[in-house]
Amino acid sequence: MELEQRWGLKPEGFHPDRELVRVQDLTPEKADQLIWLRARVHTSRAKGKQCFLVLRQQQFNVQALVAVGDRASKQMVKFAANITKESIVDVEAIVRKVEQKIESCSQQDVELHVERIFVISQAEPRLPLQLEDAVRPDGEGEEVRMNGTTTSQAVFRLQSGVCQLFRDTLTKKGFVEIQTPKIISAASEGGANVFTVSYFKTSAFLAQSPQLYKQMCICADFDKVFCVGPVFRAEDSNTHRHLTEFVGLDIEMAFNYHYHEVIDSITDTMVQIFKGLRDNFQTEIQTVNKQFPSEPFKFLEPTLRLEYTEAVAMLREAGVEMGDEDDLSTPNEKLLGRLVKEKYDTDFYVLDKYPLAVRPFYTMPDPSNPKYSNSYDMFMRGEEILSGAQRVHDAQLLTERAIHHQIDLEKIKAYIDSFRYGAPPHGGGGIGLERVCMLYLGLHNVRQTSMFPRDPKRLTP
């Protein structure tokens with residue numbers, strides 16, 4: 001009995017005859033119906049013998065009116081006005097059509113006339129942030145304001161959609177989802193940017209990439225694999241697009257004749273994601289656009305593919321001084337994105353044939369020009385979201401490339417050994433989920449698309 005009074009919990013087997021309606025389903029078709037609804041109190045405003053509430057459920061909200069009359073007393077209006085913001089309430093109300101659209105709510109054609117209201121869970125009066133600040137249009141401090149708002153609801157529902165579309169598309173293409181270890185004995189990329197962790201009487205590392213394990217699966221004749229999981233980078237980068245932990249969407253596949261088969265599979269997967277978001281997530285996209293306006297994301301079919309030398313020529317024509325084998329700086333990436341958009345009208349494209357000197361040791365050199373490589377990056381709105389390549393699948397060449405990069409062969413022995421017993425030609429790439437969401441929505445900080453961001457200065461919550 002005490003739990004029932006305190007938290008509204010009912011005994012096991014209790015099934016009330018009422019059905020709770022969803023806010024998003026409150027449309028003019030439900031006019032004059034008596035309904036029950038559970039939602040948060042987003043705002044409240046008392047005015048004489050009336051109290052206006054905005055009730056919120058995720059990214060949807062509706063106006064509710066408590067007014068002195070047959071079913072509501074002065075005490076009830078006062079009670080409603082004193083409910084703290086963010087409290088969860090159950091209301092019994094009649095759905096009424098409105099003559100003028102309610103612009104401030106997602107449900108603009110109806111309002112609720114409340115007959116009964118119960119507080120299910122009361123929020124503390126002092127909130128950690130002001131809700132008005134949280135939904136203010138784009139400006140200073142947007143990363144803080146993403147917490148708990150209708151905008152962030154929309155962002156993370158769209159992010160869930162990206163993962164679902166990624167999985168569905170690749171499964172239909174015959175890929176197998178795998179799970180790879182995140183605690184490993186040697187740095188994945190052969191670099192220094194790794195987190196060292198204590199591992200019983202020795203040390204281990206957090207995986208920078210599932211790279212080596214994806215390839216081992218290809219060597220084991222899985223043919224096509226993908227994985228979705230955390231990736232760790234110990235880079236002291238406090239930029240708008242770097243996190244120390246992010247979600248990697250990784251792909252690896254054997255190919256028959258040319259590594260462009262891999263590029264075609266990945267670009268088609270990205271196009272299916274873009275189409276799925278466009279066709280099924282308009283509510284979320286529009287919700288985000290209200291707070292952070294941006295141009296709709298544009299892409300071509302088939303995807304535009306440029307060679308690195310073409311990109312260098314475009315940049316030089318725009319006044320940039322850079323060598324043939326120089327890597328792209330972030331400002332030059334962005335400039336190239338603008339030049340490509342002007343010339344080809346696309347926000348998504350592939351840059352192919354990177355200089356070998358700027359790629360990891362396991363990248364296959366271009367057989368016709370040893371200064372270049374069979375590697376590629378993919379870009380959205382002028383920022384890189386995928387880095388990939390044909391991998392060296394010959395143990396002897398892989399050893400030579402590792403020595404060239406001054407990598408301790410003993411530490412990558414298990415990796416090199418996996419290619420000694422026959423490995424098909426293969427390639428792949430790794431995509432940053434948070435970057436894809438940030439750039440698709442035209443946001444300006446990757447922390448806006450990370451639910452619990454990790455960067456050099458943040459380790460909680």
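Between them, domain 1 and domain 2 bury about 490 Å², where buried area is the accessible area (1.4 Å probe) that two parts lose on being put together, summed over both. Of that area, 57% lies on carbon and sulfur atoms. On the domain 1 side, Q58, Q59 and F60 supply 84% of the area buried against domain 2, more than any other three residues.

This is a predicted model, in which local features need pLDDT of at least 70 and side-chain atom pairs count only at pLDDT 80 or more, while totals for chains, interfaces and linings use all residues. Residues are numbered from 1 along each chain as its sequence is written, and side-chain values use heavy atoms, with hydrogens and water left out.

Now for the two partners themselves. Domain 1 covers 3–121 and domain 2 covers 150–449, with bounds that come from an automatic or database domain assignment. Their C-alpha centres lie 47 Å apart. The contact (heavy atoms within 4.5 Å) draws on 4 residues from domain 1 and 6 residues from domain 2.

Turning to the cysteines, the count is 0 disulfides, a disulfide being a pair of cysteine sulfur atoms within 2.5 Å. For C51, the nearest cysteine sulfur belongs to C105 and is 13 Å away. C51 counts as buried because its relative accessibility is 0%; buried means under 20% relative accessible area, exposed over 50%, and partly exposed in between (1.4 Å probe, protein chains only). For C219, the nearest cysteine sulfur is that of C217, 9.1 Å away. C219 is buried too, with a relative accessible area of 15%.
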